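I opened a new notebook page for this structure. Below I put down what I looked up, in the order I looked.

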Amino acid sequence: MSDTVKIGLIQASNDVHGDEPVEVHKEKAIGKHINLVKEAKDKGAQIVCLQEIFYGPYFCSEQNSKWYDAAEEIPNGPTTRRFQDLAKELGIVIVLPIYEREGIATYYNTAAVIDADGSYLGKYRKQHIPQVGVGNEGHGFWEKYYFKPGNLGYPVFDTAFAKVGVYICYDRHFPEGARLLGLKGAEIVFNPSATVAGLSEYLWKLEQPAHAVANGYYVGAINRVGIEGPWKMGEFYGQSYLVDPRGSFVSIGSRDEDEVIIGEMNKKLIREVRDTWQFYRDRRPETYEEMTSLLP
């Protein structure tokens, strides 16, 4: 296995008005993202991550049961299977964030991880679920209406090219899971997101580089672009990036363009940084027990 791995991060706008049927959104967005994944492959990407709930708008801007129809089973749903075929065809790893339905009507914000031979390796379910208003029009990140908190822990997936962890959007504000992913051996952690200017932008280039430094791994941060109607609750400001274990930006995308961002991770740098700082050696877990019992 090579010490260098090409990473592809895909940021894109949603091209369909939110009032359109769910099926129209999914067909248009899936076709668009298949082309972007192929572009990433053409640019040398070996691991590709898409944005949060990539196959439609960020529908959590409103509370509308219409969007429950966007959810699919994982791995037995049609979108996971379609991207398994694509991963096998292209010989790449795909991190695929979609809306998951389990059983009759239990819903999660999930990312499936597909290996380069098309095999399904497993899934991560978003652990931290926001319920945050934005502006004065009643819009916001109303995710508790749509998702249960994740219940699968913080898995790390041993893919053909690297050990991959996933942390979805709002998760990035919580350092505990980021550390667990490092302890489990992640070499790169992907954070597919949907986040708008005026709320989180001042943290966008602060928190995830800090996770990368504190835990000695790469972070691939993905954010969609554009303003989505009819809600228009804010600008999804893109600027997807790959950051290394020193906190240096390897590559970064534009603010407002559909784009495939390519960056190279170097596993030798991970070892070098961990050998220098030894945060894992010097941590004191026996002193942290209060963390799980103290209330704010």
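Entry 1: I began with Tyr241, which counts as buried because its relative accessibility is 0%; buried means under 20% relative accessible area, exposed over 50% and partly exposed in between, with a 1.4 Å probe and protein chains only. Phe249 is partly exposed, with a relative accessible area of 38%. The ring centres of Tyr241 and Phe249 are 4.8 Å apart and the planes stand at 85°, so I noted the pair as edge-to-face. Rings of Phe, Tyr and Trp (its six-membered ring) pair if their centres lie within 6.5 Å; planes under 30 degrees apart are stacked, over 60 edge-to-face, and the rest tilted.

**Entry 2: ground rules.** The model is predicted, so local features need pLDDT of at least 70 and side-chain atom pairs count only at pLDDT 80 or more, while totals for chains, interfaces and linings use all residues. Residues are numbered from 1 along each chain as its sequence is written, and side-chain values use heavy atoms, with hydrogens and water left out.

Entry 3: I searched the whole structure and found 23 aromatic pairs. In one of them, Tyr99 and Tyr146 have ring centres 6.5 Å apart and planes at 80°, so this pair is edge-to-face. Tyr99 belongs to strand 3 and Tyr146 to the loop between strand 7 (140–142) and strand 8, so the pair ties together parts 47 residues apart in sequence. Helices (H or I, at least four residues) and strands (E, at least two) are DSSP runs, numbered from the N terminus. Tyr99 is buried at 0% relative accessibility, and Tyr146 is buried at 2%. Ring pairs also join Tyr99 and Tyr146 into a cluster that includes Phe59, Trp67 and Trp231.

**Entry 4: the cores.** How many residues does the largest nonpolar core have? I found 45, and Val37, Leu50, Tyr55, Phe83, Ile94, Leu96 and Tyr99 have the most contacts inside it. A nonpolar core is a set of buried Ala, Val, Leu, Ile, Met, Phe, Trp, Tyr and Cys residues joined through side-chain atoms within 4.5 Å. Helix 1 (22–42), helix 2 (78–90), strand 3 (93–102) and strand 4 (106–114) each supply at least two residues of this core. The largest share, seven residues, comes from helix 1. Apart from this core lies another, of 42 residues, among them Ile168, Leu181, Tyr217 and Ile222.

**Entry 5: helix 3.** Which residues of helix 3 (residues 175–183) are buried? I listed Gly177, Ala178, Leu181 and Gly182. Seen down the helix axis, the buried residues of helix 3 fall within an arc of 145°, so they line one face; the arc is that of the directions from the helix axis to the C-beta atoms. Their cover includes strand 10 (188–193), helix 5 (207–215) and helix 6 (267–277). Just after helix 3, Gly185 takes a positive phi of about 100°.

**Entry 6: Gly253.** I found Gly253 in the loop between strand 15 (249–252) and strand 16 (259–266). Gly253 is buried, at 12% relative accessibility. Not counting residues up to four places away in sequence, Gly253 touches Gln11, Gln239, Ser240, Glu259 and Ile261; contact means heavy atoms within 4.5 Å.
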